[in-house]
Amino acid sequence: MNRTFTSILIGSVALAGALLPPAAQADERKQLAFETIDRNAAEMAAISDSIFFFGEPGMQEVESTKLLKGTLEAAGFRVELGGAGMPTNLWAEFGSGRPKIAIVTEIDALPSGSQTPLSFDHAPLVAGAPGHMEGHNTHGGVASAAAFAVKQAMQRFNIPGTVAISFGPAEEQIASRPFIVRAGYFKDVDAVIVLHIRETLSTGYGVQNYAAISSIFTFHGKTAHGAVNPWDGKDAVDAVELMDIGFDKLREHLRPTYRAHRTITVGGIQPNIIPDRGQIWWFVRDASMPAAKTTYDKLVKIAEGAALMTGTTYDVQYAASAWPQLASKTIAEAIQKNIDAVGMPKWTEEEQKFARDFQKSADRPVVGLRTAPAALGERQQSTSSNDNGDVTWVVPAGLLTFPSSVPGIEYHEWHAAVTPVSSISHKGQVAGAKVLAASIIDLMTSPELVAKARAEFEVESKRIPYFSLLPPDAKPPVDLNRTEMEKFRPDMRKFYLSNTPRFN
Ligand SMILES: [Zn+2]
């Protein structure tokens, strides 16, 4: 018997979507997928809830991927763990040959995101520990359940092809997808659907978020006594400061679409020692990768200037990068039809009240939960970044978000870790898995749809030909978050759910 995290909220996941609108009933393949998802709603919730309590940040998704591997293998999928040089990179697939349709998503938590579910007060389960304050835990359940439902339909109706899932590590550090793309995972994939939690069912098309380049600049100088012989020193932290000031002088001359932010990661030793080492970590973003790269190249020139002014040297280390997501209108239109057919979950009055109380306590607009999906075209380009953007420039991509969040509760703050294991989340996952499964079935059973998406992609993606930001010798940062996880895992272990989810 699986133990799903039982919230105080009443709401049966099994009933969500039990009454199907006529448009969905018309297609018995989708009908079978929907029945499979309803039947497995508790298993899906068990996966997502377990991953929540694992609370593993990027590259440390050890327990999360172990659970997913076990669940998916038991469900008949072939699972590869550790591809492209990353131990927590998981690729699962069922079937053979084309068409090959892949779900692209992530399951990592955030540093310092630990929070007691359903508490309106900041109450970490383990003080200082990582946790799911973006709800990526839900991606594990939704992607797995949807892929399983597609598999059931493929077997029952002899649908040829392959359904795959790519769980990429460390989305929060935009650290893995350029490596997964470089390793060739998407070479024989016909289309992908990029999956993310949100407050409503939605899709979109065009360029949907921002390009980002993350690099660490380290300056090397010479130590000397700050009072006795400072003239013998070369101050590496002066170089850091001058780089920061230099970029601020540049800001006026950049196009308004740019974003740039930094953290000084090495700022000296003690005041009476001229520091021989200084370090500053930059993120540069823009609406397109060439635009971000143009600003980045100027940033490197500023580092050169700062080194010249201070008599120091510098090196620059690539940290991460992400292309903006390029989403197919053709696939978006297909997804939207399934969104409109499945519809939003039927929230109980108790869930709506919970959401309103939560919004009130968090000082957000008191609007409750969304009851209608987003219309096609409603979604605008955001200034955030996701490294799955790289995937969308090498294969036609659709985007899908599902309603497992409370409106107004922004991610990357503890509030967002209050609801990922609630009945609100569970019901949103059911709706999301249904739309996802139905959209994959559309792509697998309609060669015209895949061909149209490909033709559109050949035009749209060629407007800005993809180039990888990865230096040729770049290796995945597999030690990301390792120290933190080693510190907190023993205390976090007490909260693990002893689940063995099995689809049926
Ligand atoms: Zn995310």
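Is Tyr 296 buried or exposed? In this predicted model, Tyr 296 is buried, with a relative accessible area of 12%.

## Aromatic pairs

The count of aromatic pairs comes to 17. One of them joins Phe 77 and Phe 94 in a tilted arrangement, 6.0 Å centre to centre and with 55 degrees between the planes. This pair links distant parts of the chain, 17 residues apart: Phe 77 lies in the loop between helix 4 (62-74) and strand 1 (78-81), and Phe 94 in strand 2 (residues 90-96). Phe 77 is buried at a relative accessible area of 4%, and Phe 94 also counts as buried, at 15%.

Phe 217 and Tyr 296 form another tilted pair, with 6.5 Å centre to centre and 45 degrees between the planes. Here strand 7 (residues 211-220), which holds Phe 217, is linked to helix 8 (residues 289-310), which holds Tyr 296; the two residues are 79 residues apart. Phe 217 is buried, its relative accessible area being 0%. Elsewhere, ring pairs link Trp 323, Trp 393, Tyr 466 and Phe 467 into a cluster.

## Nonpolar cores

The largest nonpolar core has 84 residues, of which Phe 77, Val 163, Leu 436 and Ile 440 touch the most other members. Helix 11 (residues 423-445) supplies the largest share of this core, twelve residues. Leaving aside residues up to four places away in sequence, Leu 436 touches Ile 103, Val 142, Ala 143, Ala 146, Ile 193, Leu 195 and Leu 400. A second, separate core holds 53 residues, among them Met 59, Phe 247, Ala 397 and Leu 469.

## Strand 5 and its neighbours

Strand 5 (residues 191-198) is largely enclosed by the rest of the structure, because seven of its eight residues are buried. Strand 5 pairs in the parallel sense with strand 3 (residues 100-105) over four bridges, and Ile 193 is the bridge partner of Ile 103. Strand 5 also pairs with strand 12 (residues 397-403), again in the parallel sense, over seven bridges; Ile 197 has Phe 402 as its bridge partner in strand 12.

## Zinc site

The protein donors of the zinc ion are Glu 134 (OE), His 136 (NE2) and His 196 (NE2), which lie 2.0 Å from the ion. Their spacing in sequence is E-x1-H-x59-H. Glu 134 counts as buried at 9% relative accessibility, and His 136 counts as buried at 0%.

Conventions
Residues are numbered from 1 along each chain as its sequence is written. This is a predicted model: local features need pLDDT of at least 70, side-chain atom pairs count only at pLDDT 80 or more; totals for chains, interfaces and linings use all residues. Side-chain values use heavy atoms; hydrogens and water are left out. A nonpolar core is a set of buried Ala, Val, Leu, Ile, Met, Phe, Trp, Tyr and Cys residues joined through side-chain atoms within 4.5 Å. Buried means under 20% relative accessible area, exposed over 50%, partly exposed in between (1.4 Å probe, protein chains only). Contact means heavy atoms within 4.5 Å. Two strands pair if DSSP finds at least two bridges between them. Donors are N, O and S atoms within 2.8 Å of the metal (3.2 Å for Na, K and Ca); water is not among the atoms, so sites may look incomplete. Rings of Phe, Tyr and Trp (its six-membered ring) pair if their centres lie within 6.5 Å; planes under 30 degrees apart count as stacked, over 60 as edge-to-face and the rest as tilted.
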